Amino acid sequence: MMFYDLFSGVKWEVRANDHYFHQSCRRKSFLCFRWGRYADNVVRSYKYTPLTFLPLNLYEQFQRVANLFFLLIVILQSVPIIATIPWYSTMLPLLFVLLVRGCKDLATDLVSLSFFFKTVKWKDVRVGDILQVHKDQVIPADLLLLCSTEPHSLCYVETADIDGETNLKFRQALSVTHTELNGDSVKQNLAAFDGIVWCEKPNGNLHSFKGELHWKGERHLLDTDHLLLRGTVLRNTDIAYGLAIYTGSDSKILQNCGKLKLKNTQVEMLLNKTVLVILLFMITTALLLAVGAGLFEHRVSPKYDVVSVLQRDSSPAYLGFITFWGYIILLSPSMPMSLYITFEVIHMVHCLLIGWDIEMYWEDNNSPAQARTTTLNEELGQVGHLLSDKTGTLTQNRLLFRQCFIAGHIYGLLISLMLFSPLDLSWNRFSCGGLKFSDQRLVDKLRERSSPECQEFFTALALCHTVMSEWRDGLPHYQAASPDEEALVCAARELGWVFLSRTRETLTISEMGLTRNYQLLALLDFTSKRRRMSVLVRDPGGQLKLYCKGADIVVLERLQRDWPLQESTERALELFAQGCLRTLCVAVRSVPEALWTEWSRTLSQAGTSTGNQETVLEEIYDQMEKDLTLLGVTAIEDRLQEGVPETIATLRRAGLKVWVLTGDKTETAVNVGYACKLMDPDTILIQGEELRSENTVYISTKILSKMTKAPEWGAKFVALSDQCQSVLCCRVTPAQKAEVVEMVRKHSTSITMAIGDGANDVNMIKTAHIGVGLCGVEGSQAVQNADFALAQFRFLRRLLLVHGHWSYYRICILLRYFLYKTTAFALVHIWYSFYNGFSAQPMYESWFISLYTTLYTSLPIQCMGFFEQDVSAKSCLCWPEIYSIGQKEQLFNPLVLAITLLYSVYTSIILFFIPMGILQYSALDYQTLAVTVQTSYNFVSYSVAAVVFSLVAFFLSTLALHSTRLFTASPKDYFFLGIHVCRLIIVHVKNISPKEEMHLIK
């Protein structure tokens, strides 16, 4: 137990091959109760079980206030003294809504359940088991790599399904387990392995792991490089053996699966407020009508014997109380119960239409558009601010090595690819082609070895990376974490500095045909915060060197004081920026042995630190990456995607404020802005407080930091940007991208959309109202965290201007119509109250109340919600100004809703008082009046075919439901005034049988 004092916080114990120990602590569960320590390896990705589906689904559905409200109405209807209409008139629509939503949830859950069947072969894996994994198999649990069939027990894994990165990553077993367990009797050795692992408790951090292996009286440190994560795929390795550390729900990938944040649209929030207003209006009206009932009982009822008999000597106050609840039941249809389920169905159909749009399908990688959420469709038609990444989003992210700066000279000609003539590289047996660099001077210097600076520069490119090599047809092919790394390593390969292979401790390269092995002592990995990476190696001559490459603004500030060629370097960077080229600086530092000994000891201490490990490592890295000597600058071309300028120009015409957030230097970003039509040729660039018309603001990272941290600055900046064409933010880190989006959301009322293609855009995508991920070459992490996924930036024009506008128009019409028809339907009861003594007498018969919303009037508006178009797709694209309808909320705002509700009042007056005025003095009975009013309501519909269907359904249902047989079987369901009064009087006067009563009534 002394271990806890030395390695505090690491309390997860795994004993190899000890089934009894782990079985005794196995985690078990019953319903919502769980106990035990170690999870099994069964992935329960489904939400429901046969035992929990009904209670859990009902609990989720009654989280909605509308469903809970109608459940309370059903309970009130079950109380005979206050029930004004039969209980089933509300129960049937409520059951229909619950059933449809339940079936949808069950179908979604069954899709998740199918994944469970795929993993059933893994279900018997337990913590402490030693597994054998073969090439191209998915890792079934988080495993500690013990050994593999590769030299030095290396192992290569593909992590695309976890972090979205497409490159291979290498893992390597501990030297002690590689040496002791490998050999001819590897399986016997593994069966006898009795090591104990102490590590951190299960958590969702995919890039961190710390622990120790206790074996044969020794302790060995463990880190991320020793761990094979569940969900990764074993590649380029025949067999790997691992010890199960975390299984099932304890594995890092499942610990990392948090709940998604539910995004609500502005339309839905306004709808919820409107429903609340309707509820308050309904309660107020019921209260006033209850007061009217009490006054009627007190002043009018005593004058009429028939009414006195009906009231049976009830006090006015008691009658008013009972009538209040009766009117609550009677007016409850004004709450649009079926609206929510119709709302969801139409959202789902809109998502399907987006995915089926052939105009947004990219054949090159078989990628259609995807709607990954079903709640934000209408908000696509209201976007006011578009915040976009540059690299990979506006550009192709297929990088070409075009120029470089070495020792005061610029190499490479920036000419059109149409006029490009490739170099003769037949002398290089490792050449794979594809180099778009043209300058024979550099090739001659490298082949003649006449420039040590050029040799050192390309040595740095061949060593300073995390690229994995894969040999095909005798040639090295590379898999890199980023296109930048791949472009640089490929360029070095074509020019004679070939990266051959790597292990955990060595790097092997070929320098003009001479193979050299470098000992890898430390790798200071690239992060979006550091914006650089470094490797510390020992060359074949024994000299220690630290090679560093990164963004120019980061590397230049770490160079030695008064470094040479400063002016020519700055001039080269400016020329590269004018050519819209991305630049990286490459530097080197010679390291004395004594200094490395000190660093090594500090790194080891940081590796076992239980506190702020990242902070400690950052301080060490800063000490290592200073006093650098500049080797040169790389210049890489990243061409714009097809259709980007036209798309941005069209979106600007539509009224969108386009912001581009990039890590590039100002000159590069500005030139790209002109190329993609973010800015016009006559645009005036401003920086600071100066303001002109038709301007573009460009902001540096230092100013941006101040604005995001100071609310008053942020508010002024957003107000300033609203008067400009566009905004260009340079030298922006991924964290600042999210801060900019948050700043715009906070100080602006418009809908924000963020679009990006890489992992560094995830925070920005998740922060915006709507996040769009592009299926780029940097993996799928942006898509996995986005609300919508596209293959190309140009498809954004159709997504917003066509599908966005249509969705906003359709859903606004749907919501307004639902509010209109339900309130008009319920208001008739209020007008009828003035004719029935405020007695909460229903205007309609019970079956009509049940079927009005679910059958008679649902199909017409659904057809509109699915297919209605105010303008064609071609018109939306030709006249993007139409899009401003959604931005200005012209179809759904408080004024429009007020007009809609006033119109429903007008409709209810017309549909009630005209039939009442015609029929009240005629010989026709109340049933005729009710059917007449009911029929008039079915003409309040749209769409010819849907209206015809609704009317046919109404008349057939009315004929069937008003038959003599149904009336005889259940006379209480036909609550018509004349029959009701006559029946009460007859029963009051004489006790007769139901048959005699029916005969007397007729």
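Entry 1: I looked up an open sheet of four strands, which has the order 1-8-9-10 and antiparallel pairing. Strand 1 (12–15) and strand 10 (218–222) stand at its edges with a single partner strand each, so one side of each has no neighbour in the sheet. From one strand to the next the twist averages 20°; axes are lines fitted to C-alpha atoms, and angles run from 0 to 180 degrees between N-to-C directions. I noted that strands (E, at least two residues) are DSSP runs numbered from the N terminus, and that two strands pair if DSSP finds at least two bridges between them. Strand 9 (residues 211–215) runs antiparallel to strand 10, joined by five bridges. Leu213 has His220 in strand 10 as its bridge partner.

**Entry 2: the model.** I recorded that the model is predicted, that local features need pLDDT of at least 70 and side-chain atom pairs 80 or more, and that totals for chains, interfaces and linings use all residues. Residues are numbered from 1 along each chain as its sequence is written, and side-chain values use heavy atoms, with hydrogens and water left out.

**Entry 3: strand 6.** I then turned to strand 6 (residues 154–158), which is largely enclosed by the rest of the structure because four of its five residues are buried (under 20% relative accessible area, with exposed over 50% and partly exposed in between; 1.4 Å probe, protein chains only). Strand 6 pairs with strand 7 (residues 168–172) in the antiparallel sense over five bridges. Tyr156 stands opposite Phe170 in strand 7 and opposite Arg235 in strand 12.
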